[in-house]
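Biologist: I am new to this structure and would like to go through a few of its residues with you. Could we begin with the terms?

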Amino acid sequence: PLVRLSGWGGALVRGWSITGTAYWNDGTPLALHPEFNNTGEVLPTLNVDVVAGVNPHVASPGPSQWYNPAAFDQPADFTMGNGPRTLPDLLGPGFNSMDLSLNKRLPVGSERAFEFSATAFNLLNHGNWNYPDPSIGPADAPNVDAGKIIGSHGGRAVQLGLKFSF
């Protein structure tokens, strides 16, 4: 049999609402760019040169090396670069987050009420990597951080609220 609560006990148990959102992203294409603009700023944006025969993918992408920077080079002076603006098969790290909100309205008489809310952003505390350094330098002065990920973002945040309506 179902237990029926009345009075304050029933008011505390009934009337809760829960809402949530979830976001999963497998990553977006990387947009690599040359470290130096050697066009005298005639061209505001440049593409990198793609090095033929060198695989841009690494076996186990991670913070120490997300992609192979040796597969790309700084374009020659006054050239735009032969690579695409973005690399559709070379994705950055994904982003995952689940948010949850719990709300309770507790009436006090006919015209007053307490409202309690608790919201957890990134409830599962999933760490999300930052994007890897996209700057590709020339062979004689390479960017040593190219392809490396420095840091992460997305820690859990909890917000509590109590409101009295009258």
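Modeller: Buried means under 20% relative accessible area, exposed over 50%, and partly exposed in between, with a 1.4 Å probe and protein chains only. This is a predicted model, in which local features need pLDDT of at least 70, side-chain atom pairs count only at pLDDT 80 or more, and totals for chains, interfaces and linings use all residues. Residues are numbered from 1 along each chain as its sequence is written, and side-chain values use heavy atoms, with hydrogens and water left out.

Biologist: Is Asn-125 buried, partly exposed or exposed?

Modeller: Asn-125 sits in the loop between S8 and S9, where strands are DSSP runs of E with at least two residues, numbered from the N terminus. Because its relative accessibility is 40%, Asn-125 counts as partly exposed.

Biologist: What is the phi of Asn-122?

Modeller: Asn-122 lies in the loop between strand S8 (112-121) and strand S9 (128-129), and it is buried, at 4% relative accessibility. Most residues other than glycine have a negative phi. Asn-122 is not a glycine, yet its phi is positive, at about 55°.

Notes
Helices (H or I, at least four residues) and strands (E, at least two) are DSSP runs, numbered from the N terminus.
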